[in-house]
Each structure stands twice: as C-alpha cells, then as structure tokens.
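I opened a new notebook page for this protein. These entries record what I looked up, one topic at a time.

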Amino acid sequence: MALKFRNDIQGIRALAVLLVFIFHISGTALSGGFIGVDIFFVISGYLITNILINKIDTQTLNLFDFYIGRIKRIAPLYYFQLIVVLLVATFIYIPSDILLLRSDAVWASIFLSNKHLSETVTYFGPSSTENPLLHTWTLAIEMQFYFLLPIFLIVIKKKHISFFFIVLSLLLVAFSYYNSTFLLNKHSMYFSLFARVPEFLVGSLFAINHTKIQKIGIRSLNVISVVSLIVIILCSVLFSETTNYPGIWVLLPCLATAFLLVNESNVINKSIFSNKIAVHLGQLSYSIYLWHWPIMALLRYYNNEYEFSFIQITSITVLTYLVSYCTWHFIENYFRTMKIGKFVFQGGIVLISLLCLTFFLKQINSYFYPIPAMYSQPTFGLNSHSNSFKQVEFFGSAKSTDDSLLLIGDSHALIYKGILNTIGKRNDFNFRTITNDRYPNIPGLNRKDFPNDMLYKQYSDLIKDTNKEITRAKIIMVSSIWLSDIKSLPIALEKFLNNLDKSKVVIILPDYPVLDKNPIRINKSYLKKSNTQQYNPTTIQTSKDISTILSKYPNVSFLKINYESSFNDLPYNNDTLMYYDKGHLNYYGSQVFARKFELEFMRGFQKVVQKSNKNY
C-alpha cells in the first residue's frame, strides 16, 4: 500500500529537528536532545520501506530511479551547504585548522564522514563543537542505509522479511552494546552504520506490519501515542552524552517514534503534529538540520567560546530559519522535481564547484591569513611523534657521542624537543626522543582511557619502541600535563617507576605556561595587533596523586625553572607570537624559551646529573 502524504509526519520531523537544535545550542539545556537524530532515522526507515514495498508489490521498482531519487533529495542542498561552509571558513579559519576542515569536507562529500569522524582525533585542531561538518555523519549513514534497504527487500521473501529484520536488529543492538560496554568502543559505535541500522529497521518493521499494529484499535493507539510522546520527552531530558548509546537504550525513542508513525489518527498526531507551524517546520527540517550546526560551530570557532548569549541564540535561530526557508524553496524543491538530464548538468556544476573549492581551499585561506607554519602549527620533531611517527629521532649536539638521554611524554614533550634541541646544541649534549599526543608514552595505560581502538593501537605501537629506548637510556626526561581524565595514568606511572632499573635517572620537566585562549585564532596573525586581547597565562600544577608517586622514588628528580618570569610578555616576544594554540608553544616560541631559560635549565640539569652520579 502506497503511503499518502501525511502532515503529521512533518510535525514529527519538526519535533526531531527542534530536539537536535536545542541540544546543539547547549548540551545542558536538553542533554538528550541528540535522540532527534534517531527519530529521523526511524522516519526514514518507515517512509522508504513503504515506498519500496509498494513498488515491489506493483512490480514498478527501478533501482536506478530509486537511487537517483534519493540523490536528488539529499545531494544538491548538501553539497551547496558544504560550499558555503568552506567559503565562510576561508575567512575565519587559521591555516592549521583549514587543512583539517578540508579533510572533513572530502569525506563528507563522498558520504563517508561517519567512518572518518569515528577515527579522527582533533587534538591539534578545533574541538568537535567548532567543527561545522560534524553533523554530516547522519547524512552519510542515511545514504549508506538507502543503498542496502532495497537489496534486503528484493532478495528476502516478503513473508520472511519481518523475521529477518527483527533478528538483524537484535544482533546489531547486541553488537553495539557489546562494543560500547565491553570493548569500550562507544565513540566508534556512535558513528557506526551497523549500530544505527536497527533504528531504521524499527521504522521498516512498523511499515511492513502497520495493518496488524492498527488492529490494536484507535483507543489503545491513542493511549500508546500519549505514552510514546512522554517517552520521547523523558529520553530527551534524562539521556546524556554519558549514556551508553546507541546500544539498548536507543530502542526506547525509536519504538516511541514508530508507534506515533503507524497511525495518523491518534490524538497526539492530530492535535500536535498536524499543527500548521509544526508541519511548516517539518517541511524545512532537512534544511534546518543542515544549516543550524554550521552556523553554531562557525560562530563558536570565531568567538573561541562555547556558550552563546541570549542575543546570539536569537540571531542563530532567526538566521537558521531564514537560510533554511530560502534553500528549501530555491534548492530542495528546485532539484527534487528536475528531469534527470538537467539534474546531471546543474548538479554537476555544483559538484565541480565543490571539488575546485576543496582543492584550492588552503591557497585561498593563505591569501587572507599568510601565517608561516612555524608560527601556526607544530613543525619540529613530528617524525618521532604520535600518528606521524616514523622513527626515534636524535636531536641536540652532533658533536656529543653520548646518546643515553631519552625524552618521552605527551604533546608538551613534543614542544620540549625544540627547546632541548637548541639548548643541547649550545651545551654539547644530545638526546633521543619519542612522544605521543595526549597520552604520555609511559607503559601500562588502560584501554578504558582511550575513546577508540585506533588511539590505543597508536599508543601501543609507540610503547614498543619506547620500551627499547628506555632499556638503553641512562637518563629519562618526561614532559606531560598529566591529564586527570586518564584514570590509569597514576597506576601506570607507579608501576613504570617501580620496575625501572634504579640506576636510571628520571627527570620530570616543568611545564611551560599555558594560556586561557588561543592567541592565533584571536589575533589572526603571528604579529601582534594593536587591538589584541589580554591573556592570563598559568602553569599547570602536577596533581597531588602524581606528585606523591614521583616523590617516592629517589632516582626521580624535578627540574625547576622559573617560567613565571616570562608572564609579562606572553604570548608574544617582541610582538611576535610564540604559541600556535592556547596550550602549545610554536617553534619560534620554543627557541625563545630555550635562549631565555638556558642557564637556568643547565644549572638544574647538571645538579640532577651530579646527584645521580653520587648516588649510583
């Protein structure tokens, strides 16, 4: 049976996009508003299954026409949005971040951003709340599911399809729950097609069995519809980013949505979702979803702040509506009914424009922000660091034959490579080094502290090389900010020091000052502007737990440097920027710090070496 146009389904779409919109404005305002995405998935499964079953029953299904129809519905506005986002970003993004955005755009354009985002770590770039293409993962999953669903319905006999969908859904829910709970792949599961397929299939199952479900009776369906709306509201309030999701919990909002979809005559659909305002917002829901997040993310990036003021929230809401209405009218509706030949030609122009912009994005951005890489991103010691690791590197004086000094740690150790390289060349010492992002390469960190397998594998691979270097080193220098959310770090550190040969000396390097905001994103140049803001530099203090552990071992020494003496000028030196973000010195800054604190470093370093020589 063909599905006639239903105003109430537009109203349910309006509810979905409003939940997502509020959640994205502020995660604390509606902590579970992300279930709006699940509602969209259920609606898609319900509608597309109805369409396909009708065409299969009437023997009018043409897969080419179906796929072209989905592309015409989704791609034109989607690609136009990508173009606009990239154009705006060229004016506000700094060079080091534009490359990350270009990578996101490439994956988004081929509808694989869900895979890309599940594996991407933006430690050196803008956070996820500032990524204007973060929301494209949902469109990627939709397109991937649209490819699979017709194949299921064609290959599997109609009398078996419900059983197949139920079994497949249960297996995939179990797969998602097991991965999130026991394999600690919650981050990956959130973006996983396999974890999300059950949401579509809930809609599919209700579409296939809608006649049977309607036999429950209008009175019972009215009660169920009221309960369903209450469930959706409760989920949007009680769920949060800490919820083990999607997993088992996703079935609650999905089933509630499906019961609302299965009968348009229920009291909730008639009184609430068929309202003219709800229907209007539902018509715009795709455009609203596409535009609201880039507007928020770009504004957050530009202001370097997460929270929005009341005026900003109002402006975002009005701008989202106006842009969505225009693109719904002039792009969505325009391309949807276009003949295939004309669509290929005009859609091809949009796609070619996107490809050209993506290719030349860095050059265009560099024209507006000609900031050399040494000021705007890490450039030194990357071959022995993190995911760019190629080999253990050797820095400092080439004259020295003693290579028994080892530097390890996190991204702050990466910055120390530049500092120690300069000091070493001037004082005839050298060092070997291997470092990692965020997670210091100290053996023994627990898999639970890593958001995905990729990061843990990266750490584990680095540890293999690190252990070899620890064996040959006499002095081990460690630089880290000792993040408190790495729960296994204190245990790993204690075990590492306890098992370490006591003849080896461990030097804990002091942390250089960090800032309260990213200066290069605010100043938009590596040279100080007259209207630059004030900064509040601080030094991160080692936690009590870490300090207690370190103080227990006589072969561990703290190197002390009075970095606070430099606070008057930070983040500049002679009006030249020394930081590439709020927590990391750029290469120029590392050279300034090396020269400024060379004598102080060498005095402390020599005292530690002399002490170790006396004791061992």
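**Entry 1: the whole protein.** I began with the surface. The protein exposes about 27700 Å², and carbon and sulfur atoms supply 62% of that area. I note here that the model is a predicted one. Next I took the overall extent. Along the principal axes, the C-alpha atoms fill a box of roughly 90 × 50 × 40 Å. I then looked up the secondary structure and found 26 helices and ten strands. The protein has 616 residues, and 55% of them are buried. I also checked the contacts with a sequence separation of 6 or more. Residues 24 or more positions apart account for 81% of these.

**Entry 2: Thr-90.** Thr-90 sits in helix H3, which covers residues 63–92. Is Thr-90 buried or exposed? Its relative accessibility is 1%, and buried means under 20%, so Thr-90 counts as buried. I asked which residues Thr-90 touches, leaving out those up to four places away in sequence. The list is Ile-98, Leu-361, Ile-364, Asn-365, Phe-368 and Tyr-369. I picked Phe-368 from that list. Thr-90 and Phe-368 are 278 residues apart in sequence, yet their C-alpha atoms are 7.7 Å apart in space. I also followed the side chain of Thr-90, which reaches the backbone oxygen of Leu-87 at 2.5 Å.

**Entry 3: a nonpolar patch.** I went back to the surface. Val-226, Ile-230, Ile-233, Leu-234, Val-237, Leu-238 and Val-267 form a nonpolar patch there. Together they have about 600 Å² of accessible area. Which helix gives the largest share of the patch? I found that helix H11, residues 218–238, supplies six residues. I noted a general point about helices: an α-helix has 3.6 residues a turn, so residues three or four places apart point the same way. I looked up one member, Ile-230, which lies in helix H11. Ile-230 counts as partly exposed because its relative accessibility is 44%.

**Entry 4: helix H15.** I then turned to helix H15, residues 285–303. H15 has 19 residues and reaches 27 Å from its first C-alpha to its last. That is close to the 27 Å expected at 1.5 Å a residue. How many residues of H15 are buried? I found 16 of the 19, so H15 is mostly covered. Just after H15, Asn-304 takes a positive phi of about 60°.

**Entry 5: salt bridges.** I found that the structure holds 15 salt bridges. I looked up a few of them.

- Asp-8 and Arg-6 meet through their side chains at 2.6 Å, N to O. Asp-8 is buried at 2% relative accessibility. Arg-6 is buried too, at 6%.
- Lys-552 and Glu-494 meet at 2.4 Å, N to O. Lys-552 lies in the loop between helix H24 (544–551) and strand E6 (556–558), and Glu-494 in helix H22 (residues 489–499), so the pair ties together parts that are 58 residues apart in sequence. Glu-494 is partly exposed, with a relative accessible area of 25%.
- Asp-516 pairs with Lys-517, their closest N and O atoms being 3.0 Å apart. Asp-516 is partly exposed at 35%, whereas Lys-517 is buried at 16%.

I closed the page with a network. Salt bridges that share partners join Asp-38, Arg-196 and Glu-199.

Terms used. Residues numbered from 1 in each chain as written. Predicted model: local features only at pLDDT ≥ 70, side-chain atom pairs only at ≥ 80, totals over all residues. Heavy atoms only, no water. Helix = DSSP H or I, 4+ residues; strand = E, 2+ residues; numbered from the N terminus. Buried < 20%, exposed > 50% of the residue type's maximum accessible area, 1.4 Å probe, protein only. Contact = heavy atoms within 4.5 Å. Polar contact = N/O pair within 3.5 Å; in protein donor to acceptor, adjacent residues only side chain to side chain. Patch = residues over 30% accessible without salt bridge, like charges linked within 9 Å, V, L, I, M, F, W, Y side chains within 5 Å. Areas by Shrake-Rupley, 256 points an atom, 1.4 Å probe, with all protein chains shown as cover. Salt bridge = Lys/Arg side-chain N within 4 Å of Asp/Glu carboxyl O. Expected span 1.5 Å × (residues − 1).
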